[in-house]
Amino acid sequence: MEYALDEGLSAVGGIQETYFMPHHGALKWRAEPMGMAREENGEWYIVAYIEVNEAALASVRKILGIEQSLLVRRGAQLPFLESNNKQYASALYK
């Protein structure tokens, strides 16, 4: 969550086991399913995105007892996404 927020992303996610959906809620994260779950090889999967914001970071830090940044950046840093792609990611939550 911290990395995504630091990089300016508005959401993170993708294909994940449905098992994780209640865990997102326990962390007080807003997870948005993008369709129905599908079974594959006996496991259930769903495409879902988690909203990235200060409240989500604060919640997970509180639950896990983290009081400072866990990010360590070494050397030159390139953005995770180009700025025009960030606008697309932001459009998912507008």
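Terms and values in a predicted chain

The chain's accessible surface is about 6,900 Å², with 55% of it on carbon and sulfur atoms (Shrake-Rupley method, 1.4 Å probe; for residues, only the protein chains shown count as cover). This is a predicted model, in which local features need pLDDT of at least 70 and side-chain atom pairs pLDDT 80 or more, while totals for chains, interfaces and linings use all residues. Residues are numbered from 1 along each chain as its sequence is written, and side-chain values use heavy atoms, without hydrogens and water.

Me: Why is Leu 9 called buried?
Reply: Buried means under 20% relative accessible area, exposed over 50%, and partly exposed in between (1.4 Å probe, protein chains only). Leu 9 has 9% relative accessibility, so Leu 9 counts as buried.

Me: What does Leu 9 touch, not counting residues up to four places away in sequence?
Reply: Leu 9 touches Ala 4, Val 52, Phe 80 and Leu 81, where contact means heavy atoms within 4.5 Å. Leu 9 itself lies in the loop between α1 and β1 (11-17); helices (H or I, at least four residues) and strands (E, at least two) are DSSP runs, numbered from the N terminus.

Me: Why are the buried residues of α3 said to be on the same side?
Reply: The buried residues of helix α3 (residues 54-64) are Ala 56, Leu 57, Ser 59 and Val 60. They cover an arc of only 160 degrees around the axis, so they are on the same side of α3; the arc is that of the directions from the helix axis to the C-beta atoms. Glu 54, Ala 55 and Lys 62 are exposed on the other side of α3.

Me: What covers the buried residues of α3?
Reply: The cover includes α1 (2-6) and β4 (43-51).

Me: What makes Tyr 19 and Phe 20 an aromatic pair, and which kind is it?
Reply: Rings of Phe, Tyr and Trp (its six-membered ring) pair if their centres lie within 6.5 Å; planes under 30 degrees apart count as stacked, over 60 as edge-to-face and the rest as tilted. The centres of Tyr 19 and Phe 20 are 5.2 Å apart and the planes are at 85 degrees, an edge-to-face pair. The structure holds 1 aromatic pair.

Me: Are the two residues of that pair buried or exposed?
Reply: Tyr 19 has a relative accessible area of 52%, so Tyr 19 is exposed. Phe 20, at 37% relative accessibility, counts as partly exposed.
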